[in-house]
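Have the model open while you read.

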Amino acid sequence: MAIHIALAGNPNCGKTTMFNALTGANQYVGNWPGVTVEKKTGKLKDASGEEVNVTDLPGVYSLSPYTLEEVVTRDFILKENPDVIVDLVDATNIERNLYLTTQLIETGIPVVIALNMCDLLKKNGINIDVKALSKKLGCPIIETSALKKTGLKEVIAEAIKVAKDHAAGTVSAIFEGSVEDKVSAIEAELPSSIPEAEKRWYAIKVLENDSKVVEQLGLSADNRFSRYTKELEKEFDDDAESVITDQRYVYIQKVIEETVKKPAQKMSLSDKIDSIVTNRLLGIPIFVLVMWAVYYVSVTTVGTFVTDWTNDTFVGAIQGWAGDALAAAGASDLIVSLVVDGIIGGVGAVLGFVPQMAILFLFLSILEDCGYMVRIAFVMDRVFRHFGLSGKSFIPLLISSGCGVPGIMASKTIEQDNDRRLTIMTATFVPCGAKLPVIALMGGVMAGYMSGDMDLATMMAPIMYFVGIAAVLVSAIMLKKTKPFSGKPAPFVMELPAYHIPSAKTVLLHVWERLKGFIIKAGTILFLACVVMWFLSSFGFVDGGFGLVEESADSILAMLGGAIAILFRPLGFGEWQPVAASITGFTAKEAIVSTMGVLANVSEDLSEETDVVAAAIQTWFPTTIAAFTFLLFNLLDSPCLAAIATMAQQLQSRKWFWFAILYQNLFAYAVSLIVYQLGGLVLGAVAFNVWTIVAAVLLVLMLFMLFRPDPYKDQKSYTRSSVEAAS
Ligand code: GDP
Ligand code: MG
């Protein structure tokens, strides 16, 4: 019989690190408390013949049924009956961690405590009397360090032993007299179908009037145990759940006093850094500076240097070489064009940006792993709360700067339906890694107009990042004032893990995992998109027949793009090429770049000259501001298919899915129209026309939606969450 071990514990106590060490898996170890809401199961490696399964559960502070993480963890423990729970306790934070421990012990499933992060005890001057603690809690404790891989064999050996003996620990009476009496009384009255070992858990939950347990036992809200709850509440003049929570803390405090010695609290380095970084006034300016630097450095400096070299020298050389080789082999012009202009031109245009993406991902991974990013959610909570959203909504946005798919998935941890929907709809406004090549390419195109003035163009990446965040805020403010999205944000409680120097391995693994996706995409989706685009832009109807066209302006793509282009003329990019590129962007955002690469190559005579691609692209945009609105539109419109599919899966409603798609594209269109028409008018690039009036009306409308008083301001209650629906 296989033995099943569940790893449980608070967020950020090292469960995933331990899971990876035990199973040899490569699960995401993140400094994001609460992002993993999925359980992962793997097989123990080095199990010496025995079959041992290990499950990594979402981190929780308690087993109450309020958050999605709690529901997933609790259901797993109670319904799937693991043979043993390995409870990871962060030794540096033992008071808080033991709360969950007391609840886990009550479930009657054998518990082995892994006192994790023991490598930090000495440094922090903490002394724990492990033997005494183990005796008080009534379960074995093994000191571990998941990071340094110490104590892991021992903890598993102990867990297997306990599982085989079914040795549930001795549960001590931890509450005060009358509470303990009521628990015993309820235990005695519980149906005999409940195993003896689990009775204490059910009795306490019944006393707390936990809706889920009451329902599970087939009782009504007002049941034969209700009198115990009522008596308790009368005696303590508080609700039963609070009384029990308080008494748990009192018990833990007592245990800690006798077993743990901590040096007098002095301000740690982390606290000192936090007093600056999460400071009320400085927090946001510092965040802006940091992200500005990240995006600026990624697309300029090393990034540009490598990208320029790949684009101009490397891809050009390969094109020349492949062209010669194919011609020498007797390939037809058609094949030469397909390979050289289509495939190498298109895929090469994107691959050239991989170094920039790598640098961006490197910075993002370092910021995430050292613990800075999670603080931003905390800092932004103060801003978001103002507009009716919680800082929890900011975590998906931060993750979306790598890729929208995990970003949208991270919204799962937001319990309230309305806020979760809002976050899903807007998360992809933040530019993901795939949009970086588009931004860099268009920045270069814009620079072409502003010869000598490269500044604005090189600033495009940081500008677009903050435009994305601004778009989220604007959307949130407008939508929160409408009925379906109204409601107070839920309280946002989060533990800030101590800063630490990121490990090179973790960081490089993250960078590689993110990059891998793009490289695979380049070989599959982009490759196909390039072939299709080359075909559509090389063939057409000429002289009454179908065939290769001289001028790509006669191609099928020009025909199709041209038909839709009329829609985009008010935004400044009415040529068929950018429109065709925007549409291919729905397959993957980098496809915008690869399509432009194909179209530029097809339209130009192949030459060794370097700037042909950028120069060809420039001819599609009449002015700098037209190039800018093109970029803006492609930043804000619906994301790529992979992200759209994730949206559909997370929204779980056809109605809301279509609303989201409609909102994204209308918002992108409206903002682009306003910027092009009104911005262009101010800059003297666009003349007054009918669309100027439309843009002005839209602007007034948006300003009205932004600044009108909130009709739902006085809504006191939180909107009901549907934790179950999302699980
Ligand atoms: P989870 O939320 O419980 O899954 O925690 P993770 O496994 O994601 O770890 C959170 C952070 O703690 C990561 O930055 C780990 O590198 C770090 N960590 C995990 N275990 C240890 C340990 O034993 N010692 C130290 N110093 N750090 C650890
Ligand atoms: Mg984890």
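This is a predicted model: local features need pLDDT of at least 70, side-chain atom pairs count only at pLDDT 80 or more; totals for chains, interfaces and linings use all residues.

1. Residues are numbered from 1 along each chain as its sequence is written, chains are lettered from A and ligands numbered from 1 in the order in which they are written, and side-chain values use heavy atoms, leaving out hydrogens and water.

2. The mean pLDDT (the predictor's confidence in each residue, from 0 to 100) is 87 for the protein, with 92% of residues at 70 or more. Watch residues 717–727, where pLDDT is below 50. Residues 606–610 stay under 50 too.

3. Now find threonine 92, in the loop between strand S4 (84–90) and helix H3 (94–106); helices (H or I, at least four residues) and strands (E, at least two) are DSSP runs, numbered from the N terminus. Is threonine 92 buried or exposed? Its relative accessibility is 19%, so it counts as buried (under 20% relative accessible area, with a 1.4 Å probe and protein chains only; exposed is over 50%, partly exposed in between).

4. Next, look at helix H31 (residues 641–651), whose buried residues are Ala643, Ile644, Thr646, Met647, Gln650 and Leu651. Down the axis of H31 they fall within an arc of 160 degrees (using directions from the helix axis to the C-beta atoms), so they line one face of the helix. These buried residues pack against helices H19 (404–410), H20 (417–426) and H32 (654–683).

5. After H31 comes glutamine 652, with a positive phi near 50 degrees.

Note on methods. Contact means heavy atoms within 4.5 Å.
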